[in-house]
Amino acid sequence: MAKPGYRVFETAVGEIRRLSPHFVRVTFRGDELRDLGWDGPDQRIKVILPLGDGDGDGFGHFPTGDDWFGSWRALPDERRNPIRTYTIRDARPGQGELDVDFVAHGDSGPASRWIARAEAGERMLLIAPDATADEPSGGWEWHPGDASTLLIAGDETAVPAVSAILEQLPDDAQGAVFLEVPDAADALELRAPAGVSVQWFDRGGDAGPVQEYGGCLVEAVRTWADAWAETARRDGIDGVEGSPVAAAPADGPETELPALAEDEILWEVPEPARDGGFYAWLAGEATAITTLRRHLVKGLGVDRKRVAFMGYWKLGRAEG
Ligand SMILES: Cc1cc2nc3c(=O)[nH]c(=O)nc-3n(C[C@H](O)[C@H](O)[C@H](O)COP(=O)(O)OP(=O)(O)OC[C@H]3O[C@@H](n4cnc5c(N)ncnc54)[C@H](O)[C@@H]3O)c2cc1C
C-alpha cells in the first residue's frame, strides 16, 4: 500500500513566544519531525488538541495505526480529541522543529483555549506532510504560475501563510498585500520584495471600536482592485473581462460562482501553472473572503481560474 502524504507526528511543545497581543508562536519539537515535508508556503497541518478530561496527557483515547482517522471519527464526542487546521509558519526538519503562529481569540474554541494555557514540554500530536511518503501532501494552495500581478488578502488567520509566501517570492515580484488583524500591534514585521506593497488594517483592538470582521479588508481590496482592473482593461492585461488580450476560453471568462449551501465553508483554488497576468490568493473569515471573491469575479470580470479563495474559518461556527 502506498504511504499517504500525511501522517501523525509525535511532538512536544518547545518554546512559546507571544509575538503580539493576538499572535502566539509555538515551536513544536520531536525526532519524528525530521521526516516533516513542507511542500508549499501555505502548507496546512492539523493540530490535535488534548482532551481536558483529566485522563493522563489528554491523548489517551486518540487512536493509533493506519486507520486512526476512521477510529477517531467513530469515537463518542467526549473521547474524540478536537482537531484544528493551522499553517506551517516555519520549519527546520533537520533540527526536528516546526513553528505555528496561533491566533489567540479568547475561550470560544479548543485551540484558542489551549494556546492560552499551553506549557513547554507538553506532549502534542500533529498531522503533517510526511517527506518519506509515496504520495504528495497536496495540502497547499499557492500556485501563481508566473503571474505578473499578485493580489494577496487575508485576515489574522492567514498572516502565517502570507508571511511564508512573501518570504519565497522572487525579488522581481509585483503586487499588493492586504492584511486585517484585531489590533494595530498585531501588524508583524514581514519581508517582501520591493515591488510588493504590504498594507495592514486593524479592527481597533479588544477595547477599541468593534469593526465588523473583514470590513476594512474588503473596502481596501475593492478600492485597489477597481483601480487595477481599470488599468488592466486599458493596457490589455491578461485575465480580466474586457481586456483586449484576455486569455478567455471560447465561451468567455468563467465568472460563475459555485452554488454552496449556507453552512458550507468556501474553498476554490485554480489549477496550478496558469501563465502570466493576474493571480489572487484570498484567505480568512469565509463571509469576507466570499465578498471579495464575488467582487473580483462577478464585479470586475476576473477569470475565476485566477482567484484562489479559501474560507479559513467562519464567524459563529466551530471547525470540525
Ligand atoms: C488552511 C488553514 C490554515 C489555517 N492557518 C491558521 C494559522 O496558521 N493560525 C491560526 O491562528 N489559524 C489558522 N487557521 C484558522 C483556524 O483553523 C480557525 O481559526 C479555527 O477555527 C480555530 O479553532 P478554535 O478551536 O480556536 O475555534 P473553533 O472551535 O473552530 O471555533 C469556535 C468559535 O470561535 C470562532 N473563531 C474561530 N477562529 C477565530 C478567530 N481567528 N477569531 C475569532 N473567532 C474565531 C468560530 O467562529 C466559532 O464561533 C487556518 C485555517 C485553515 C483552513
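In this model, which is predicted, an N or O atom in the side chain of Ser108 lies 3.1 Å from an oxygen atom of the ligand, a polar contact in the sense of a pair of N or O atoms within 3.5 Å. The model is a prediction in which local features need pLDDT of at least 70 and side-chain atom pairs count only at pLDDT 80 or more, while totals for chains, interfaces and linings use all residues. Residues are numbered from 1 along each chain as its sequence is written, and side-chain values use heavy atoms, with hydrogens and water left out.

**Ligand surroundings**
- The side chain of Arg84 places an N or O atom 2.9 Å from a ligand oxygen atom, and Thr85 brings a backbone N or O atom to 2.6 Å from an oxygen atom of the ligand.
- The protein buries 93% of the 920 Å² that the ligand exposes when taken alone (Shrake-Rupley method, 1.4 Å probe).
- Among the 26 residues around the ligand (a heavy atom within 4 Å), those that come nearest are Thr85, Val103, His105, Lys314 and Glu319.

- Trp114 touches Val13, Val26, Phe28, Leu49, Pro50, Phe102, Glu122 and Met124 (heavy atoms within 4.5 Å), leaving aside residues up to four places away in sequence.

Note on methods: Polar contact = N/O pair within 3.5 Å; in protein donor to acceptor, adjacent residues only side chain to side chain.
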